[in-house]
Amino acid sequence: MQPQPTTHFGTESDFHSAFAAVYPRLVSYARRYGAVFPEDIAQEAFVILMQRVVPVDHPTAFLYGTVRTLAITERRPLKNQNISLEAVLEPGRKSEADDEMLNREVRERMRTLSPTFREALWLFVVEGLTIREIAEILSIPEATVKTRIHRAKAQLRDQLNPGAAHAMA
């Protein structure tokens, strides 16, 4: 019996499982950046990962970072237009996971956050990424990710419950 070829996710079978789990989330992430062809961008990110000779420590984080870069690069000619993370939240385009995780009021309030706070919070809460993975995607220190998430949560808490005293958590 021949050994299965290995990928950045382990065996070829592990790769297929990872692709099935991560691909739809990467497409959604590309849409948040206003990508015109989010499916192509998600596929291209996998191709770039698989062509790497040097292994990466966190392949999922690498994929998110690559999708982010490709989506931003794709829309560079549109840079003077107002395209933001919530672009995907138009009716009929949102995923079931988004509906389950964020109610309408929270989504509305998230739109008022600065893009840096909103992105860190979205990756943490909705995408379920770790602090380390978010730091790699955004190319910032882990402490900065923690600060952004903390401040975003505090701003949302204040918006959703104005006038209430909150203990620092």
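A polar contact is a pair of N or O atoms within 3.5 Å; within protein, one atom must be able to donate a hydrogen and the other to accept it. The legends below describe close-up views of a predicted model.

**View 1. The side chains of Gln43 and Tyr23 meet in a polar contact.** The contact between these two side chains spans 3.4 Å. Gln43 is found in helix α2, which covers residues 38–51, and Tyr23 lies in helix α1, which covers residues 12–32. Gln43 is partly exposed, as its relative accessible area is 38%. Tyr23 has a relative accessibility of 18% and therefore counts as buried, since buried means under 20%.

**View 2. Phe19 and Tyr23 form a stacked aromatic pair.** A search of the whole structure finds 6 aromatic pairs. In one of them, the rings of Phe19 and Tyr23 are 5.0 Å apart, centre to centre, with 20 degrees between their planes. The planes are thus under 30 degrees apart, the condition for a stacked pair. Both residues belong to helix α1 and are 4 residues apart, which is about one turn of the helix. Phe19 is partly exposed, with a relative accessible area of 29%, whereas Tyr23 is buried.

**View 3. Tyr29 and Tyr64 form an edge-to-face pair.** The ring centres of Tyr29 and Tyr64 are 5.1 Å apart, and because their planes stand at 70 degrees, the pair is classed as edge-to-face. This pair links distant parts of the chain: Tyr29 lies in helix α1 and Tyr64 in helix α3 (residues 59–74), 35 residues apart. Tyr29 is buried, at 1% relative accessibility. Tyr64 is likewise buried, with a relative accessible area of 1%.

**View 4. Four aromatic residues are joined in a cluster.** The members of this cluster are Phe15, Phe19, Tyr23 and Phe46, linked by ring pairs. Among the links is the stacked pair of Phe19 and Tyr23.

**View 5. C-alpha separations are shown for Pro24 with Glu39 and for Gln43 with Leu26.** Pro24 lies in helix α1 and is partly exposed, with a relative accessible area of 44%. Between Pro24 and Glu39 there are 8.4 Å from C-alpha to C-alpha, although the two are 15 residues apart in sequence. The C-alpha atoms of Gln43 and Leu26 are separated by 8.9 Å, and these residues are 17 residues apart along the chain.

Key:
Residues are numbered from 1 along each chain as its sequence is written. This is a predicted model: local features need pLDDT of at least 70, side-chain atom pairs count only at pLDDT 80 or more; totals for chains, interfaces and linings use all residues. Side-chain values use heavy atoms; hydrogens and water are left out. Rings of Phe, Tyr and Trp (its six-membered ring) pair if their centres lie within 6.5 Å; planes under 30 degrees apart count as stacked, over 60 as edge-to-face and the rest as tilted. Helices (H or I, at least four residues) and strands (E, at least two) are DSSP runs, numbered from the N terminus. Buried means under 20% relative accessible area, exposed over 50%, partly exposed in between (1.4 Å probe, protein chains only).
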